[in-house]
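Please look over the sequence and the structure shown here before reading on.

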Amino acid sequence: MRSSYQTITIPTLLLSLIPLSHGSAANSTFPKRGLCYIATDHSESDSHIFTTSNSPLTWYYNYSPWPGPSSSLAQWSTEFVPMVHSASDAAASVDTIKAILNGSAGIPLAASSGGGGRGNRVTHVLTFNEPDGDTSTGGTDSAPDHAAQVYIDTILPLRAAPYHLQVSLPATTGSARGLEWLRAFNVSCFRRRPAGGCAFDFVAAHWYGDLAGMASWLGTLHALYPAKPLWVTEFALPAAPAAATQAFFNDSLPYLDALAYVPRYAWFGAFRSSGGDGNEWTGDQVSLFDGHGRLTDLGAGYLGGDKDGFHEGESASNSAAAATAGFATTTMSWTMCLLLACSVVANLGWLL
């Protein structure tokens, strides 16, 4: 018996008593789901809840080429998708993206994007937000022919070495006007660059309306570009009563989760329901936060609800407190295990 106990070393005994620590793997409950984030005065406090270890979100964008705007978003170990917002600011935005990727901007990136460790990954770029729309409603009002030339001059080089980024087709409004803009853009692209036109890697779509309309719009785009994946980068039911908004939310998310040609989507509403964070056109019911920065029923649902540990009324500060408490509990568990291990070793000393 003594010889068998001699094979037990103190390190082995300690390891057998201390609970194993597992790395925080990405929660892939909803791998398509992303964050369409709008910078507000509350960004630093509110955005933290999207970046917790149990968040199901796998990517984000913010209508800007710069990661953030909060520190938690900029340091989030997930994919950031920079946007070249309009043809008018394309050159400056592309220069920013290049500076971020080559390190001259001083923005930390994950190792997979050429950085040295913790930070965002960058592999895709969104282009030209609603170029067919008026600037008063969030569009960028770009003529198709001008947009085509700017795209060829500034966007296409991002697909080549040393960047090798995947870029989107400009994201028009979900309307007949948007469809006409895309057709005119395509004609201009091939007229200006017959060998390939304005090459792109995925389609970016916006939709505001009911589920039947969304299904029709996405089907139309898929028919036009059947070989390309389609991201739904904005969608909601605007200016509708709470019950109708909730019903659309409940129906649209599983619909998109099941749609094979849609690999990513992002709800429009990552802002507070009051205080000027939202806009009159969408209304307050689409908001993921209430007026105090707490998750609405939609906000909790978008983050996976009870299944992923998110509840209506929860705020980023609640999540931070829970994380701190969890760390303290884990630390205490390790300490107690170490004390217990030492006690066992002392009591078994006569065997060693």
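## Terms and overall picture

In what follows, a residue is called buried when its relative accessible area is under 20%. The model is a predicted one, and buried residues make up 49% of the 352 residues in the protein.

The protein has 12 helices and 10 strands.

## Aromatic pairs

A pair of aromatic rings is described by the distance of the centres and the angle of the planes. The structure holds 21 aromatic pairs, and one of them is formed by Phe 202 and Trp 231, which are stacked with 4.1 Å from centre to centre and 25° between the planes. Phe 202 belongs to the loop between helix 7 (176–192) and strand 7 (203–208), while Trp 231 belongs to strand 8 (residues 230–236), so the pair ties together parts that are 29 residues apart in sequence. Phe 202 and Trp 231 are both buried.

Another pair is made by Tyr 208 and Phe 268, whose ring centres are 5.9 Å apart and whose planes stand at 85°, so this pair is edge-to-face. Because planes over 60 degrees apart count as edge-to-face, the angle of 85° falls in that class. Tyr 208 is buried, as is Phe 268.

## An aromatic cluster and a charged neighbour

One aromatic cluster is formed by Phe 235, Phe 248, Phe 249, Tyr 265, Trp 267 and Tyr 302. Tyr 302, a member of this cluster, also has the charged end of Arg 33 over its ring, 5.2 Å from the centre. Arg 33 lies over the face of Phe 30 as well, at 3.8 Å from the ring centre.

## Two packed helices

Two packed helices are described by the angle between their axes and the distance between the axes. Helix 5 (residues 90–102) and helix 6 (residues 144–155) pack with their axes 10 Å apart and at an angle of about 20°. The two helices, helix 5 and helix 6, are therefore roughly parallel to each other, and the crossing in which helix 5 passes helix 6 is right-handed. On the side of helix 5 the contact is made by Ala 90, Ala 91 and Val 94, and on the side of helix 6 by Val 150, Thr 154 and Ile 155.

Methods
Residues numbered from 1 in each chain as written. Predicted model: local features only at pLDDT ≥ 70, side-chain atom pairs only at ≥ 80, totals over all residues. Heavy atoms only, no water. Phe/Tyr/Trp six-rings, centres within 6.5 Å; stacked < 30°, edge-to-face > 60°. Helix = DSSP H or I, 4+ residues; strand = E, 2+ residues; numbered from the N terminus. Buried < 20%, exposed > 50% of the residue type's maximum accessible area, 1.4 Å probe, protein only. Lys NZ or Arg CZ within 6 Å of the ring centre and 35° of its normal. Axes fitted to C-alpha atoms, helices over the stretch in contact; angles between N-to-C directions. Parallel < 35°, antiparallel > 145°, perpendicular 65-115°, else oblique. Left-handed = near helix turned anticlockwise from the far one by under 90°. Contact = heavy atoms within 4.5 Å.
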